[in-house]
Amino acid sequence: MSEQYIVYGAAGSGSVPVEAALTLLGLPYRVIDSTILEARADPELARVNPMLQVPALTLPSGELMTESAAILIWLADAHPEARLAPTMAGAARPAFLRWMSFVSAAIYSLYWIRDDPSRIADDEAGKMLVRERTADRILHCWSVMDSQISPDPYLSGPTIGVLDLYVTVISRWGRRRKRFYKVAPKLAEVVRRVDAEPRLAGLWAERFPFTDGWEG
């Protein structure tokens, strides 16, 4: 049994919100990096997660978790004192679960296609169309979410939570933040707040730096 969490991930990937949650919780963890675009050449990741995807999280007990939304929800629920998610008795719990699942299923999942359009298209024209259609779909989903939320000032209430971390990281993928700001102005206020969270400054600098032109 280990005394720390082990995160299988990559800089700028879906492991970053998990690393951010562990950072806010003050829990000991280490990262085993994987080259996610060459996952099939990573025997360590294949051993841990047959889906060859990150994040994967080994708990101190030795139990393995996969699926980013599930990991984030579990971490928040395991440490209710940190208020990273509404409790089961909280009025905001149904909306929290709804949007965690929505982001995972409707938005995050499309990046599996966008990262390698050859997974569903053969020729270059088809790949280009896939990129265009998925980009439009992602922005539409963000706009739908934005139209039905009321941040206060974070997505699940007065304190930063795992849903905020999830949206913040995913909204940075593909240098599309400027378009994201336009279609989701309420979400934009939240993610800018999370970008500037002092407790995460070191993590952002190391795992998802704000390089020149990152907003697109």
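This is a predicted model: local features need pLDDT of at least 70, side-chain atom pairs count only at pLDDT 80 or more; totals for chains, interfaces and linings use all residues.

Trainee: Okay, core to begin with. Which residues touch the most other members of the largest nonpolar core?

Mentor: Trp142, Met145 and Val167 do, in a core of 62 residues.

Trainee: What is valine 167 in contact with, leaving aside its neighbours within four places in sequence?

Mentor: Val103, Trp142, Met145, Leu155, Phe180, Leu187 and Val191. There's also another core lying apart from that one, with six residues, including Tyr8, Leu45, Val54 and Ala56.

Trainee: Changing topic: how many cavities of 30 Å³ or more turn up in the whole structure?

Mentor: The search finds one.

Trainee: What lines it?

Mentor: Tyr111, Ile138, Leu139, Trp142, Ile170, Ser171, Arg176 and Phe180. By type, six of the lining residues are nonpolar, one is polar and one is charged. Helix α6 (residues 124-147) gives the largest share, three residues. Trp142 turns up again here in the lining, having already come up in the largest core.

Trainee: And salt bridges, how many are there?

Mentor: Eight. In one of them, the side chains of arginine 207 and glutamate 19 meet at 2.7 Å, N to O. Arginine 207 is in helix α10 and glutamate 19 in helix α1, so the pair ties together parts that are 188 residues apart in sequence.

Trainee: Are arginine 207 and glutamate 19 buried or exposed?

Mentor: Both are buried. Together with Asp33, Glu19 and Arg207 are linked in a network of salt bridges.

Trainee: What about the bridge between aspartate 195 and arginine 177?

Mentor: Their side chains meet at 2.9 Å, N to O. Aspartate 195 lies in helix α9 and arginine 177 in helix α8, so this pair ties together parts 18 residues apart in sequence. Aspartate 195 counts as buried at 14% relative accessibility, and arginine 177 counts as buried at 0%.

Trainee: Last one: how far apart in helix α6 are glutamate 124 and lysine 127?

Mentor: Three residues, which means about one helical turn separates them. Their side chains meet in a salt bridge at 3.3 Å, N to O. Glutamate 124 is exposed, with a relative accessible area of 54%, while lysine 127 is buried at 16%.

Notes
Residues are numbered from 1 along each chain as its sequence is written. Side-chain values use heavy atoms; hydrogens and water are left out. A nonpolar core is a set of buried Ala, Val, Leu, Ile, Met, Phe, Trp, Tyr and Cys residues joined through side-chain atoms within 4.5 Å. Buried means under 20% relative accessible area, exposed over 50%, partly exposed in between (1.4 Å probe, protein chains only). Contact means heavy atoms within 4.5 Å. On a 1 Å grid over the protein atoms alone, a cavity is a set of points where a 1.4 Å probe fits but cannot get out, and a pocket is an open set with protein on both sides within 12 Å along at least five of seven lines; lining residues have an atom within 4 Å of a point. Grid points are joined across faces, edges and corners, and a volume is the space filled by probe spheres set on the points. Helices (H or I, at least four residues) and strands (E, at least two) are DSSP runs, numbered from the N terminus. Ala, Val, Leu, Ile, Met, Phe, Trp, Tyr, Cys and Pro count as nonpolar, Asp, Glu, Lys and Arg as charged, and the others, Gly among them, as polar. A salt bridge is a side-chain nitrogen of Lys or Arg within 4 Å of a carboxyl oxygen of Asp or Glu.
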